[in-house]
Every structure is written in C-alpha cells, then in structure tokens.
Amino acid sequence: MANLMTGAEIVFKVLEEQGVNHIFGYPGGAVLPIYDELKNHKKIKHILVRHEQGAGHAAEGYARSSGKPGVMLVTSGPGATNAVTALTDAYMDSVPLVCITGQVPTHLIGTDAFQECDTTGITRPCTKHNWLVKDVNKLSLIMHQAFEVATTGRPGPVLVDIPKDIQFKKGKYLRAKEIKKNNFKTNIKFSGQDDDIEKAVELIKKSIKPILYTGGGVINSGPKATTLLRELVSLTEFPITSTLQGLGAFPGNDNKFLGMLGMHGTYEANNAMHDCDLMINVGARFDDRITGKLDEFSPKSKKIHIDIDPSSINKNVKVDLALVGDVKFILEKIISKIKQKHPDFANSNKKKIGHWWNQIKTWRSKNSLSYKNSNDIIKPQFAVQRLYELTKAQDVYITTEVGQHQMWAAQHYKFDKPNRWMTSGGLGTMGYGLPAAIGVQIANPEKLVIDIAGEASVLMTMQEMSTAVQYKLPIKIFILNNQYMGMVRQWQELLHEKNYSESYTSALPDFVKLAEAYGCVGIRANKPQELDQKITEMLSVNRPVIFDCVVDKVENCYPMIPSGKAHNQMLLGDKDEEDSISEEGKILV
Amino acid sequence: MIKSAYSFSTKKDKIENHIIVVWVNNESGALARVIGLFSGRGYNIDSLAVAEVDQKKNISRITISTSGTLQVLQQIKLQLEKLVPVHKVADFPKNKKTILREMALLKVVSSKASLEKAKKVCKNYKYVILDKTEKSFVFEISALKKEVDDLIKKLQPLGLASVSRTGIVAMTRGYETFK
C-alpha cells in the first residue's frame with residue numbers, strides 16, 4: 001500500500017511537483033489545515049496579502065511577468081467571493097491562475113454553514129473550469145488537471161474548492177505523469193491544413209496595403225512567438241500595430257510599429273486598419289474597444305485571424321481565413337513557407353507596398369499623440385514621458401490601474417520586450433496595478449517595477465502597500481493625481497454636457513503621509529521643473545515608494561474614436577470635440 | 001432609442017432554429033455549465049432534454065433546441081466545445097435528415113362526454129392510455145413538437161388538466177453516427 005497523505009499534504013505535494021515557488025493568499029477557518037502544512041514546505045513561499053482580490057491580482061502580475069501560472073490560496077465564503085474580481089480579470093485577459101479555496105466540511109455543505117458559499121457555482125462563469133473535491137483520493141488528480149487546464153490552450157483561471165474535512169483526510173497521491181492525459185482540447189499546435197498556410201502566404205504576397213494587428217496571444221505563446229513576429233515583419237516590411245495587451249511583443253520604438261490601435265490608439269494605426277487590403281490578426285480578438293463601429297470596421301480588407309481559441313473566430317468580425325492554433329507554430333509555418341516560395345520577398349515587396357508606407361507617413365505626420373505642454377502644471381503625458389526617459393535604460397516592468405493614466409502609459413511608455421506590461425484590459429479592473437506590481441516584483445526580485453496609477457484606482461487596493469512593506473518589495477506607485485476619475489470625467493465632458501456627476505474625489509488622503517503611515521517613502525511633485533529630480537529620487541530609493549504626481553485636472557486623453565464611430569473618424573484633440581458625437585453615440589460607452 | 005450600451009448592429013440576420021446535441025460527462029455541475037453558458041451569453045433555449053446514455057463511460061446526452069443567427073449558432077457550438085466536461089457537440093439541422101421527437105404525458109379530467117370527445121381528438125395521433133378513471137385519463141404521446149402543441153390546443157377546451165413534456169430529442173437518419 002502506497003503511503004497515504006493528508007489532503008493538505010497532497011496540496012503541497014502537487015504544488016511542488018508543478019514547480020510552484022510562490023503562493024499568494026490569506027488564511028481563514030476553512031483553509032487552516034493547509035496553512036498548518038505550509039511550515040513543512042520551505043521551497044514554497046507564501047505571500048500574505050491584505051485582501052483576497054489583492055492575492056488574485058498579485059498572482060496575475062506574477063504569471064504575466066514570468067510566464068508561469070500564478071497560485072492563490074484563500075478561505076471559504078468571503079475569501080472566495082473576494083477573489084471573484086481577480087478571477088474574472090484573469091479570465092478576460094487569459095492569465096493562467098490556480099485558485100485554491102477552502103470550503104466548509106462536506107457534511108455541512110448546503111446547510112448555510114458559517115462562511116459557506118457556493119464557490120464553484122459563483123465562479124463557474126469566471127473560470128475555465130472548477131472543481132469541488134469530494135474525495136481525497138481524487139485531490140491530486142484534480143489539482144494536476146487544474147494546472148494543465150490553466151496553462152494550456154488559451155490560458156485562464158481555474159479553481160479547486162477543498163472542503164476542510166478533505167484537507168484532514170488521508171488519501172493516495174498520484175504523480176502528474178501517472179495521470180492519464182484527459183485531452184482538454186487545449187494542446188492545439190495548429191489544427192488547420194498546410195493548404196491554409198499556403199492561402200495565407202498567397203494573400204500576403206498579393207497585398208499592397210497590409211497590416212499586422214497583434215495582441216496578447218503573441219505574448220501568451222511565449223518568447224519564441226515574439227521572435228518570430230519580429231522576423232515576419234523584417235521579412236515582409238509590413239506595418240504593425242498592437243492591442244493594449246500585445247504591447248512589448250514588437251519594439252515600441254521601431255519604425256515599422258504604428259503604435260497601439262483602438263479607441264485611444266494612434267491616428268496612423270487606426271487609419272491603416274480602416275484602409276488596409278489585408279489584415280493579419282495575430283492573437284487578438286476583435287474586442288469592441290479595438291473595432292469601433294463594427295459595420296464600418298475595415299471594410300475593404302481580407303482578414304486572416306490567427307488564434308488558439310476556436311470560439312474567437314467569427315465571434316465579432318467575420319474573417320476570410322482562420323488559422324486556429326498556437327501563434328508560434330503558425331508564424332513559423334508562414335515564415336518558412338514565404339522563404340521557400342518567395343526567397344526575395346522583402347526586396348520585391350518593398351516597392352509594392354511603398355505607396356502604402358507613404359500614406360502611413362502622411363497619417364503619422366499628424367503626430368496624434370502630441371499634447372500642449374505647460375510650464376506651470378505637470379501634464380500627465382509629460383509625466384509618463386519623463387518617467388520613460390529616466391527609466392528606459394533599465395529592464396522595467398510596468399503595471400497600471402484603469403483609466404486615463406492607463407491609456408497615457410500605453411501611448412507614451414515604449415516597450416521592447418514581452419512580459420513587461422501588465423494591465424487590466426478586458427475587465428478594466430481599477431485597483432489591479434498595485435497588487436499586480438507586488439506579484440511582478442516577487443517574480444522578478446531585482447527588477448524595477450512601477451505601477452503607473454490614478455489616484456482613484458489605486459485607493460481601491462491601497463491596503464496592499466502593507467504587503468509590499470512586509471516583504472520589502474521596492475515597487476514604485478507612480479500616481480497621476482488629478483483628483484478626478486479622469487476617464488469618467490472625460491466621458492461626462494464629451495457626452496453629458498460637463499455634468500461631472502460623482503467623478504470628483506474630495507477628501508483624498510495626503511499620499512505622502514499615507515506612504516509614511518505604511519512605512520514606505522512618499523514623494524510629491526507639483527511642478528514640471530521638479531519632476532525629473534523627484535523621479536530620480538524615487539528611483540534611488542530601494543524601498544516601496546508612493547509618488548504623488550500632481551497633474552492637470554482637466555486634461556483629456558487623445559486621440560480617441562468616439563462611440564459609434566469608425567476607425568477613420570478619430571478625434572485628435574479638444575478642437576475636434578464639438579459636434580463629433582451623435583445622439584446615437586451618446587448612449588454608447 | 002437604442003438600448004445597447006456599447007454598440008449597435010444595423011444588420012438584421014435571419015434567425016434559424018437548430019438542435020444542438022452535447023455529449024457530456026455525467027458529473028455534478030456539467031449541466032449547470034452548459035445551461036450557464038446559454039444564459040450568460042444571452043443564447044436562447046427553447047427546450048432541453050437530458051439523460052445518461054452510456055453508463056459505462058458515464059456520458060449524458062443533452063439535446064437543446066435553440067434559435068439564433070448563423071453566427072450565434074456557430075458561437076454556441078464553439079463555446080460548448082471549450083467546456084472541459086464536454087466530449088462533442090453536434091448541430092443537427094432541422095430537416096429531413098434528422099428525426100425529431102418529443103414525448104408528453106397528458107391528463108384530461110372531465111365529464112364522460114368530454115372524455116369521449118378527447119379520445120376522438122387523440123385518434124389522429126399515436127397514443128397510449130396509461131391510466132383511466134371514470135372522470136379522467138392519462139395518456140402518452142410521442143410526436144413532433146408541433147403535433148404535441150396542436151393536440152394540447154385541441155384538448156384544452158375538453159378538460160386538459162396537466163401536461164408534462166420531455167423537450168425535443170433528436171437522432172440523425174441512416175447508418176452514420178455523429179463522431
């Protein structure tokens with residue numbers, strides 16, 4: 001008879017076998033046996049957060065910056081419900097998370113016991129899959145499967161709910177390789193035919209106005225996909241744009257890169273999307289912030305869509321050629337096919353798409369990310385630009401909260417590597433950036449980690465500063481403080497006759513004093529002239545810092561595609577605002 | 001006034017009725033996942049039938065009658081295929097190639113005269129009487145959904161007291177099975 005272990009021991013045995021080094025969590029009654037077992041597993045470090053949502057976002061930051069799954073451990077009832085926002089966030093942005101929740105003992109399930117909730121019921125729509133463990137002998141099997149489901153195919157969060165009696169009970173442990181592969185339909189390399197690759201290459205060959213539209217799928221596919229994407233661009237000379245989540249897959253400073261596309265994307269990227277004759281979507285999902293008005297989305301183009309998730313195909317936009325599979329396998333096939341069929345492609349193609357590049361240059365000359373700088377007040381764009389200039393020599397990891405500051409960070413901070421940019425795109429979770437920065441710093445101990453934040457967002461998870469201080473994580477919280485929920489205010493200005501209903505925060509805390517209260521460092525910058533010196537000061541501190549950057553209160557984020565409009569109807573700045581949004585547009589977000 | 005908060009579509013695609021058949025592990029929560037997907041993504045369920053069909057392999061067959069545009073129907077199939085306990089999903093066309101049936105139990109409680117009339121109405125359908133008293137009878141009918149609908153309509157004035165329907169089940173014709 002094999003050695004029997006308790007459920008709690010099995011949990012750690014699986015974590016060890018899966019190569020987990022860090023878990024983010026918060027103890028409580030229904031997970032105490034697992035917490036009791038923690039002391040026997042020195043290889044696994046537990047990071048105590050201050051709220052379960054923080055554990056989830058920290059695990060997300062950890063996962064996105066390291067390429068490994070993030071693991072969180074929380075208790076039943078409120079522990080589980082507090083994790084729901086982070087799970088949903090991870091689900092929307094395809095982040096691999098394994099969430100372990102405690103549950104009331106099996107015999108109490110369904111009796112409205114203390115701290116009981118229907119965890120698997122609540123989290124069913126925000127996980128790839130979840131399990132309620134009713135038999136300790138199935139625990140190792142389920143947990144190994146959980147890691148497999150989370151990390152393969154289109155990654156995402158999973159949840160394993162373990163009743164307290166199962167944590168105490170003794171059962172058999174099965175190693176990962178002893179478990180029959182369940183075929184979760186997730187290990188898709190490329191499900192199509194060589195024929196399809198040939199068709200893609202034909203379209204690439206024919207195109208005179210091509211564009212690559214790349215997304216988070218490239219980064220999820222791993223570093224090789226990034227290398228291949230760069231090779232494809234140098235091979236074809238095609239212009240390339242990226243979604244919010246794809247930033248870093250291609251160097252932000254490269255001349256071929258048109259900047260981010262979508263609602264706050266650049267003029268050249270959006271116009272190129274609208275006018276192109278061939279769109280190659282690599283690992284993006286035609287999100288509504290990207291497409292603008294669907295009926296007028298890129299009307300004249302043939303569309304190729306590369307995605308690992310079959311259900312992404314034709315969900316929002318009908319495409320002409322779907323290549324379902326892992327980005328790196330498909331890019332590799334396309335590249336080798338181009339090389340084989342058209343050895344001199346780059347040269348022969350340069351002339352062919354020359355007109356297109358000229359057109360793009362014209363759009364570029366609008367300089368759509370420009371803004372009016374000031375000598376008296378810090379413009380938020382200027383703050384991000386200075387932060388970039390003063391940190392770009394280092395290998396920097398940036399997280400953000402959600403709102404105007406997030407868009408300014410995406411526009412003005414240039415990334416040249418993948419896994420350096422962690423932001424909540426799909427769900428748009430205010431309060432994501434600070435705990436995410438904690439997870440990033442845990443995964444990358446020696447690196448510079450900055451959360452570009454807004455003062456409203458960061459207050460939602462501010463308690464995690466305490467976590468940063470406890471584990472001596474020198475994260476930098478760079479707050480663009482305009483005292484408004486800036487993006488809400490901007491929409492109210494554009495759509496609701498400047499009725500700034502509840503978007504101004506009075507009685508904000510003094511962030512410098514708040515930093516001191518947490519036991520970290522507070523720095524404030526009020527004037528553009530002192531900004532560089534204060535940022536340098538922040539960078540020289542090897543402790544967590546809250547940087548209160550007092551910026552223009554009423555600056556708006558441009559350029560933008562107003563609601564209900566197409567890619568070629570962008571607003572470039574304040575002068576464009578009048579009469580740009582129709583009555584119909586006003587009821588759209 | 002358009003209600004949508006994000007975008008609106010000016011195109012109105014044709015709505016079609018389809019039968020979606022899902023083979024799924026017979027485990028707790030599996031049905032909830034399938035149904036939750038429909039409600040969560042705003043798909044329609046016109047009827048639903050589910051039971052275990054393979055005890056050895058522990059597989060249930062879920063038959064869902066649904067309606068939507070072709071794009072939505074394709075999404076339903078692809079989204080269902082992603083669920084971990086789902087083995088395979090078939091989209092059966094509602095045409096000659098597919099056998100569709102629905103079973104119903106109907107109870108009529110009425111006067112003798114009405115009961116006789118009710119029986120006459122039933123004669124046009126294949127039916128089996130399962131229970132009889134002087135004031136009532138319970139019978140079983142297996143037919144197309146529309147036929148069951150029609151029969152119910154006809155029996156309503158004759159004392160139809162209770163109806164229980166299984167929802168549509170489906171099978172393809174010929175020797176081939178869906179792989």
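**Figure 1. Helix 11 and helix 15 of chain A in contact.** In this predicted model, helix 11 (residues 267-275) of chain A packs against helix 15 (residues 354-364) of chain A at an angle of about 140°, and their axes are 8 Å apart. Helices (H or I, at least four residues) and strands (E, at least two) are DSSP runs, numbered from the N terminus. Axes are lines fitted to C-alpha atoms, for helices over the stretch in contact, and angles run from 0 to 180 degrees between N-to-C directions. Helix 11 and helix 15 of chain A are therefore oblique to each other; angles under 35 degrees count as roughly parallel, over 145 as roughly antiparallel, 65 to 115 as roughly perpendicular and the rest as oblique. Helix 11 of chain A passes helix 15 of chain A in a right-handed crossing (left-handed if the near helix is turned anticlockwise from the far one by less than a right angle, right-handed if clockwise). From helix 11 of chain A, A:Tyr267, A:Glu268, A:Asn271 and A:Ala272 meet A:Ile360, A:Trp363 and A:Arg364 of helix 15 of chain A; two residues are in contact if their C-beta atoms, placed from the backbone, lie within 7 Å. The residues of this contact divide into 4 nonpolar, 1 polar and 2 charged, where Ala, Val, Leu, Ile, Met, Phe, Trp, Tyr, Cys and Pro count as nonpolar, Asp, Glu, Lys and Arg as charged, and the others, Gly among them, as polar.

Residues are numbered from 1 along each chain as its sequence is written, while chains are lettered from A and ligands numbered from 1 in the order in which they are written. Because the model is predicted, local features need pLDDT of at least 70 and side-chain atom pairs count only at pLDDT 80 or more, whereas totals for chains, interfaces and linings use all residues.

**Figure 2. The open sheet of chain A with strand order 11-10-9-12-13-14.** This sheet has 6 strands, and the pairing is parallel; two strands pair if DSSP finds at least two bridges between them. Strand 11 (257-260) and strand 14 (321-324) of chain A stand at the edges with a single partner strand each, so one side of each has no neighbour in the sheet. From one strand to the next, the twist averages 15°. Strand 9 (residues 210-214) and strand 10 (residues 240-242) of chain A run parallel and are joined by 3 bridges. A:Tyr213 has A:Thr241 in strand 10 of chain A as its bridge partner. Helix 8 (residues 194-206) of chain A packs on the sheet and touches strand 9, strand 12 (278-282), strand 13 (302-307) and strand 14 of chain A. The direction of helix 8 makes about 130° with that of strand 14 of chain A.

**Figure 3. The open sheet of chain A with strand order 3-2-4-5-7-6.** Here, too, the view shows an open sheet of 6 strands with parallel pairing. Strand 3 and strand 6 (129-132) of chain A are the edge strands, each pairing on one side only. Neighbouring strands are turned by 20° against each other on average, direction ignored. Strand 2 of chain A pairs with strand 4 (residues 70-74) of chain A in the parallel sense over 2 bridges, and A:Phe24 stands opposite A:Met72 in strand 4. Helix 4 of chain A packs on this sheet, touching strand 4, strand 5 (97-103) and strand 7 (157-163) of chain A. The direction of helix 4 makes about 165° with that of strand 5 of chain A.

**Figure 4. Helix 3 and helix 4 of chain A.** The axes of helix 3 (residues 52-66) and helix 4 (residues 78-92) of chain A come within 7 Å and cross at roughly 30°. The two helices are therefore roughly parallel to each other. Contributors to the contact include A:Glu52, A:His57 and A:Glu60 of helix 3 and A:Asn82, A:Leu87 and A:Asp89 of helix 4 of chain A. By class, this contact has 5 nonpolar, 6 polar and 3 charged residues.

**Figure 5. Domain 1 and domain 3 of chain A.** An automatic or database domain assignment divides chain A into domain 1 (5-178), domain 2 (194-364) and domain 3 (380-550). The centres of domain 1 and domain 3 of chain A, taken over C-alpha atoms, are separated by 30 Å. The contact takes 25 residues from domain 1 and 26 residues from domain 3 of chain A. On the side of domain 1 that touches domain 3, the largest share, 11 residues, comes from helix 3 of chain A.
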